[in-house]
Amino acid sequence: MNYLKKFKIEDELQNFIINRIKFFRVSKKITQAEMAYMLDMSEQNYGRIERGRYKSSIYFILNFCSKMDITFEEFFKFNKEKMSKFEKEARELLENNEKSILKIGEFINSYFNKNKY
């Protein structure tokens, strides 16, 4: 039962990240091809990330934020009325910890690494 619960949380995290990537790219009127070029990756691989076929690493998210001129915290900005368990925990880390970027990176990686969570 715990394994299924974890899998749902991981999917929720992945969907959140995909939606944020699409949101920022589309809001700046950048095509997938242009975004892939900015990130120095193939258009096919970038498309796979947006479709959820590849999981985005913390490095990818930090690189994406840098190219889009947004902060890591802005990328993970949450709607407080509709927060999931993951969002609440991540927001707590961002608000209460001086080393939030390192902690949030570890937190995100824990969802992608089945052996750690």
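Biologist: Are Y46 and F60 buried or exposed?

Modeller: Both are buried (under 20% relative accessible area with a 1.4 Å probe, protein chains only; exposed is over 50%, partly exposed in between). Keep in mind that this is a predicted model, where local features need pLDDT of at least 70, side-chain atom pairs count only at pLDDT 80 or more, and totals for chains, interfaces and linings use all residues. Residues are numbered from 1 along each chain as its sequence is written, and side-chain values use heavy atoms, leaving out hydrogens and water.

Biologist: How many aromatic pairs does the structure hold?

Modeller: A pair of aromatic rings is described by the distance of the centres and the angle of the planes. Here there are eight aromatic pairs (Phe, Tyr or Trp rings, the six-membered one for Trp, with centres within 6.5 Å; stacked under 30 degrees, edge-to-face over 60, tilted for the rest). One of them is Y46 with F60, tilted, at 6.4 Å centre to centre and 40° between the planes.

Biologist: And which residues form the aromatic cluster?

Modeller: F16, F23, F24, Y46, F60, F64, F72, F75 and F76 make up one cluster.

Biologist: What about salt bridges: how many does a search of the whole structure find?

Modeller: Side chains of opposite charge can pair when their charged atoms come close. The search turns up one salt bridge (a Lys or Arg side-chain nitrogen within 4 Å of an Asp or Glu carboxyl oxygen). In it, E50 meets R25 at 2.5 Å, N to O. E50 counts as buried at 2% relative accessibility, and R25 also counts as buried, at 11%.
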